[in-house]
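Thank you all for coming. I would like to walk through a few local features, so please have the sequence and the structure open as I speak.

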There are 2 protein chains.
Amino acid sequence: MSFILTFLGKGGTGCTTAAIAAAKALSGQGQRVLLLGHEAELGLGLLLDETGLTTQPREITPKLSVAILSASMLLEQSWDQVKQLETQYLRTPFFKNVFGQELGVLPGLDSALGLYSLKNFDSSGLYDVIIYDGYHSAATLRMFGMPEVLSWYLRRFRQVFAESDLGKAVAPFLQPVAATVLNNADWTSGNFSQPFSMADGELGEGQRAIADPRRVAAYLITTEDPLAIKTAEYLWGSAQQANLTVGGVLVNQSAVLGSVEAHFTPLPVHSLPARTEEGWQSLTQHLPNFQQDALKAPKPMTVDVAQRQVKLFLPGFTKSQVQLTQYGPELTIAAGDQRRNLFLPQELKGQKVTGAKFQDGYLIISF
Amino acid sequence: MSFILTFLGKGGTGCTTAAIAAAKALSGQGQRVLLLGHEAELGLGLLLDETGLTTQPREITPKLSVAILSASMLLEQSWDQVKQLETQYLRTPFFKNVFGQELGVLPGLDSALGLYSLKNFDSSGLYDVIIYDGYHSAATLRMFGMPEVLSWYLRRFRQVFAESDLGKAVAPFLQPVAATVLNNADWTSGNFSQPFSMADGELGEGQRAIADPRRVAAYLITTEDPLAIKTAEYLWGSAQQANLTVGGVLVNQSAVLGSVEAHFTPLPVHSLPARTEEGWQSLTQHLPNFQQDALKAPKPMTVDVAQRQVKLFLPGFTKSQVQLTQYGPELTIAAGDQRRNLFLPQELKGQKVTGAKFQDGYLIISF
């Protein structure tokens with residue numbers, strides 16, 4: 001189990017630089033660090049002066065390893081695993097004649113494969129800290145939001161299918177098919193329980209990890225440029241929608257924090273000096289304690305069952321940018337081009353919302 | 001039918017600035033222009049000083065409209081269309097109780113919905129030029145590569161399924177199911193022809209449009225920063241893998257082109273001055289003729305049937321970064337974290353590759 005750290009900010013404000021500095025600082029303190037970048041993001045290799053980085057981690061200084069995620073390479077590797085999984089459930093697998101080297105990368109696969117790699121590196125036990133240098137902050141948030149959104153889709157559509165006329169009509173046909181071609185899976189209950197519950201478990205585990213600031217946290221990066229500040233604010237709010245804790249703010253190449261600090265209360269704001277000719281030390285010695293800051297940061301969601309209240313931390317948004325809707329048992333928050341279906345405790349689940357107000361960056365929902 | 005233009009470059013080098021300048025210049029020349037951004041990319045609204053931009057285009061100056069793509073908003077809108085489409089094929093649709101407002105955005109949906117919007121704006125006939133300001137160049141290339149990759153998946157897996165034991169075993173069961181619950185679709189031939197051939201048609205149309213420099217083209221943006229130049233070079237090569245024509249290069253905030261030009265032969269390289277207090281005019285008057293440049297640019301792929309040769313333009317890559325594989329009838333090129341399955345004319349299809357060499361940025365394959 002590792003501590004996973006990522007940096008969010010407008011393009012060109014120094015996310016990759018901060019990621020490298022953090023990796024150098026933490027490995028210098030004796031932690032085993034993996035710095036994970038993307039093939040399309042060339043900065044990592046160039047700034048580290050390393051060529052030929054691959055999906056296989058390479059130790060470049062003591063305790064500091066670097067790898068880059070290449071979606072096409074990862075797809076090739078995962079395809080073998082898909083085929084193996086298939087043979088577990090199908091007596092006559094049909095993907096056997098499709099080769100990993102043929103598969104093109106569709107949008108979204110980058111994120112899915114990236115998250116899958118993160119999970120594997122995390123559970124390898126080889127790293128105390130994994131620093132993820134995403135190729136774009138919006139994509140990073142989509143990636144971390146994926147387990148929650150996907151598990152919702154899975155539960156919701158499984159139920160829809162089971163309750164539908166189509167599901168009922170197909171069920172009697174699926175049973176003989178299952179008996180003919182399927183090996184272990186229990187399709188007879190109509191909910192295809194085995195493969196799905198495996199996915200459920202993995203997704204639930206992912207959701208818990210991302211929501212836990214001891215395991216995953218982000219730090220914002222900005223410069224003094226108003227557009228960079230505005231973007232960091234937007235990403236701060238959007239991170240809450242992905243259930244990702246934001247520990248603080250780094251202001252790149254600026255010693256004047258006053259104008260920036262006001263935008264990010266109550267987060268700690270630190271200044272990051274420019275990189276000098278001598279190397280990274282001027283940066284590494286100015287870095288905060290990321291793990292400590294993350295533990296002190298506001299939680300994305302707090303539930304008070306006694307008060308029948310849910311508080312969502314949504315900084316950086318105005319009331320008009322946040323939309324709350326309730327359809328049947330589903331309570332949905334839309335903000336920052338993300339939509340989140342709230343998982344409520346049994347006591348509040350399916351209860352009607354009686355009020356909602358926006359206060360000090362919190363959306364407070366009463367039942 | 002519109003001319004679709006996009007800018008590719010490292011984050012923070014001025015893609016959005018160039019997109020706005022191009023939109024202002026072309027609308028000033030009397031063309032009807034739509035400038036399309038992303039919700040997560042706040043630069044567009046802030047640089048234009050416009051608030052509350054939505055997916056619905058707003059005319060901000062004569063002939064210049066602006067809209068932003070919000071994946072969650074588009075998902076909501078498209079969901080109604082999915083439900084309508086479903087009722088065409090299923091007598092008892094089962095998505096009817098799932099509401100657009102509930103659906104979370106998964107990675108990849110942004111790109112799919114963005115491309116779908118582009119297609120609709122393109123076919124609306126309302127715009128001579130659409131300028132697409134993607135939120136990240138790698139994501140833009142994934143998006144434009146999507147019709148080609150998706151159509152390959154569709155053809156390949158349809159064939160795999162039809163030829164598989166599972167496909168053969170399921171076929172007799174599908175027929176009565178089809179008779180029970182399906183309305184129009186012809187499932188009896190075993191290739192589910194109707195819904196699939198509709199998708200085939202749309203994807204084929206998309207592929208042709210993207211490959212046609214009269215309809216879609218990109219322009220590179222860089223500064224004098226070596227990392228920005230390197231990124232632009234990489235994107236140049238990657239664009240070829242998505243079959244997207246790159247017309248030229250803009251060097252942002254620099255009048256010295258010498259050091260940059262050498263990297264991008266034979267493309268024209270233009271200098272873009274900094275934006276002044278007076279507004280955008282200093283920029284707009286320095287812009288090249290994007291449409292003309294695109295027509296003169298090297299084609300991503302040229303086939304010479306008589307010589308039994310295929311030439312792929314892959315600038316910015318070295319030989320070791322390009323991988324060619326042949327499995328059965330499939331010929332695959334991997335480069336720039338993209339993989340492309342070549343569509344060959346009948347004469348060369350399925351023929352064995354006898355040689356391949358890398359020359360002046362071209363991969364030349366002989367059969």
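Predicted model: local features only at pLDDT ≥ 70, side-chain atom pairs only at ≥ 80, totals over all residues.

Let me begin with B:Asp122, which is buried, with a relative accessible area of 9%; buried here means under 20% relative accessible area, exposed means over 50%, and partly exposed lies in between, with a 1.4 Å probe and protein chains only. Residues are numbered from 1 along each chain as its sequence is written, chains are lettered from A and ligands numbered from 1 in the order in which they are written, and side-chain values use heavy atoms, with hydrogens and water left out.

What does B:Asp122 meet in a salt bridge? The partner is the side chain of B:Arg215, at 3.0 Å from N to O, where a salt bridge is a side-chain nitrogen of Lys or Arg within 4 Å of a carboxyl oxygen of Asp or Glu. This pair links distant parts of the chain, since B:Asp122 sits in helix H4 of chain B and B:Arg215 in the loop between H7 and strand S6 (216-222) of chain B, 93 residues apart. Helices (H or I, at least four residues) and strands (E, at least two) are DSSP runs, numbered from the N terminus. B:Arg215 also counts as buried, at 12% relative accessibility.

A second pair in chain B is the salt bridge between B:Lys119 and B:Glu202, whose closest N and O atoms are 3.0 Å apart. Here too distant parts of the chain are linked, with B:Lys119 in helix H4 (residues 109-123) of chain B and B:Glu202 in helix H7 (residues 193-211) of chain B, 83 residues apart. B:Lys119 counts as partly exposed at 35% relative accessibility, and B:Glu202 is likewise partly exposed, with a relative accessible area of 47%.

Turning to chain A, we find A:Asp122, A:Glu205, A:Arg208 and A:Arg215 linked in a network of salt bridges. Elsewhere in chain A, A:Arg58, which is partly exposed with a relative accessible area of 30%, forms a salt bridge with A:Glu50, the closest N and O atoms being 2.7 Å apart. Over all chains, a search of the whole structure finds 24 salt bridges.

Now to the backbone. Helix H8 (residues 226-241) of chain B has 16 residues and reaches 23 Å from its first C-alpha to its last, close to the 22 Å expected at 1.5 Å a residue, the expected span being 1.5 Å times one less than the number of residues. Why is H8(B) largely enclosed by the rest of the structure? Because 14 of its 16 residues are buried. After H8(B) comes B:Asn243, whose phi is positive, near 65 degrees.

Positive phi values also occur in chain A. A:Asp49, not a glycine, has a positive phi of about 60 degrees; A:Asp49 lies in the loop between helix H2 (43-48) and strand S3 (58-61) of chain A and counts as exposed at 69% relative accessibility. A:Gln253, also a residue other than glycine, has phi near 55 degrees, and this exposed residue, at 58% relative accessibility, is found in the loop between strand S7 (246-252) and H9 of chain A.

Last, the peptide bond from A:Thr265 to A:Pro266 is cis, with omega near 5 degrees, and a cis peptide bond also joins B:Thr265 and B:Pro266, with omega about 5 degrees. A:Pro266 is in the loop between helix H9 (258-261) and strand S8 (269-272) of chain A.
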